[in-house]
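I opened this notebook to record what I looked up in one structure, entry by entry.

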Amino acid sequence: MTPVNSSPSPVPPVTDLRPARRWVPRHVVVTRSAAERPHTAEILRRVEAAGVTDVQLLTADRITSPRGLSEREAYARAKDTLAVVVAPPSQLRPQPIPPSADWRLDLAKGCPAHCQYCYLAGSLTGPPITRVYANVDDVLAPIRSLTGSGSVTTGDADRAGEGTTFELSCYTDPLGIEHLTGSLAAAVTEVGTGLHGDGASLRFTTKFDDVAPLLALPHGRRTRVRFSLNASGVERFEGGTARMPERVAALGRVARAGYPVGLTIAPVMPVDGWREQYAALLDAVALALAGVDDLDVTAEVITHRFTPGSKEVIQGWYPRTRLDLDEDGRRAKRSTFGGVKYVYPGETMRELRGWFTDELDARLPQARLLYWT
Ligand code: SF4
């Protein structure tokens, strides 16, 4: 092994690894540049504590996949691999990310779970390796200069109270890998204690439930923890994630720890019995949040959609999927850049929207609906 710089990492050490409930990669690779970063030493300490034995320190920054693998084997190998890399300057320029947040920050790219509808299938290219960034300091550095300058939520009268918002879960599920990185705790702590100034807030969404490392952090109510929740008929497409009751229980735990919280109800699908299933979900959430002091809860509702590109990738990864990817039952929606995505027809959208608006009001009146799409 190449020696790794062992000066202090910006994150506290993890203390309660419970690998049985957490993703443990079979393979870990560290690029040459990443090996020089202090945070990498902490990641490797966590990787070792999780029981990973195949850790390779590369002599270059390029990550190559083993040759001769079938598409299925390459997918499985990639989903079993954690890569520690340095985010290049081109990926350190935050971009607006409507309708969620003013800016996007990436602590990692890729996710170890196996959701058959995963939106990453259409947005990330190549084998789905989970790449975590060793230069967390560089990732978080733009927060101070961008605070006050957002146009997505900062310019929205209903959301201006959130400050300038930074979304951490565009290209990964940061909680699903937190036990191996500590990057999320670093971000929450730094923003919560004002290290990057005042007026910024973080937000992320997750399908995992291992919130213990977050509960005691000095978050300053500046991070909104949202849980991606769905009907039981959709949950079956979400391999490798925490079960729905576990996510709902975790939502209650972070709310009781003082975090602003949220529901990301996505992707909404009108599966058989959807009204009953989503009603049961909202009732379970209401129960989990009952009696929380200073509750601040939001909801974001996102219907299922796919693109020609994401459909092709998903059908390559999950050839036997029963996910509805039939263009004939959808409406084609064109973007300003000429791309197309397939959404539900207008009548279905109106019915879903009306139902969620009414039932959120009735079953979870504390929740502010931020957007519907
Ligand atoms: S948890 Fe999110 S990012 Fe991960 S596979 Fe599922 S949809 Fe994709």
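How do the residues of the shell around the ligand divide into nonpolar, polar and charged? I worked from a predicted model throughout, and in it I counted five nonpolar residues, one polar residue and two charged ones in that shell. I then wrote down the members by name, and the residues around the ligand are Cys 111, Ala 113, Cys 115, Cys 118, Leu 120, Asp 173, Lys 207 and Thr 241.

Entry on the seven-stranded sheet.
I traced an open sheet of seven strands with parallel pairing, and I noted the order as S4-S8-S9-S10-S12-S13-S16. I asked why one side of S4 and one side of S16 are left without a neighbour in the sheet. Strand S4 (103-104) and strand S16 (368-372) stand at the edges and have a single partner strand each, so one side of each of them has no neighbour there. Within this sheet I looked up the pairing of strand S10 (residues 223-229) with strand S12 (residues 261-268), which is parallel and runs over five bridges; Leu 229 stands opposite Ile 265 of S12. I also checked what lies across strand S9 (200-206) and S10, and found helix H8 (residues 183-192), which runs at about 155° to S9.

Entry on the five-stranded sheet.
I followed an open sheet of five strands in the order S2-S1-S3-S7-S5, and I recorded its pairing as mixed. Its edge strands are S2 and strand S5 (108-109), each of which pairs on one side only. Strand S1 (residues 27-30) pairs in the parallel sense with strand S2 (residues 54-57) over four bridges, and here I found Val 29 opposite Gln 56 in S2. S1 is also joined by four bridges to strand S3 (residues 81-85), and these two run parallel; for Val 28 I noted Leu 82 as the bridge partner in S3.

Entry on H11 and H12.
I looked up how helix H11 (residues 244-256) packs on helix H12 (residues 274-289), and I read an angle of about 30° with the axes 8 Å apart. Angles under 35 degrees count as roughly parallel, and H11 and H12 are therefore roughly parallel to each other. Their crossing is right-handed. On the H11 side I listed Val 248, Ala 249, Leu 251, Gly 252 and Ala 255, which meet Ala 284, Val 285, Ala 288 and Leu 289 of H12.

Entry on H12 and H14.
I then turned to H12 and helix H14 (residues 346-363), whose axes come within 10 Å and cross at roughly 30°. H12 and H14 are therefore roughly parallel to each other, and I noted that their crossing is right-handed. In this contact Arg 275, Ala 279, Leu 282, Asp 283 and Ala 286 of H12 meet Trp 355, Glu 359, Leu 360 and Arg 363 of H14. Which classes make up the contact of H12 with H14? By class, I recorded five nonpolar residues, no polar residues and four charged residues there.

Terms used: Residues are numbered from 1 along each chain as its sequence is written. This is a predicted model: local features need pLDDT of at least 70, side-chain atom pairs count only at pLDDT 80 or more; totals for chains, interfaces and linings use all residues. A residue is near a molecule or strand if its C-beta atom, placed from the backbone, lies within 6 Å of it. Ala, Val, Leu, Ile, Met, Phe, Trp, Tyr, Cys and Pro count as nonpolar, Asp, Glu, Lys and Arg as charged, and the others, Gly among them, as polar. Two strands pair if DSSP finds at least two bridges between them. Two residues are in contact if their C-beta atoms, placed from the backbone, lie within 7 Å. Axes are lines fitted to C-alpha atoms, for helices over the stretch in contact, and angles run from 0 to 180 degrees between N-to-C directions. Angles under 35 degrees count as roughly parallel, over 145 as roughly antiparallel, 65 to 115 as roughly perpendicular and the rest as oblique. A crossing is left-handed if the near helix is turned anticlockwise from the far one by less than a right angle, and right-handed if clockwise.
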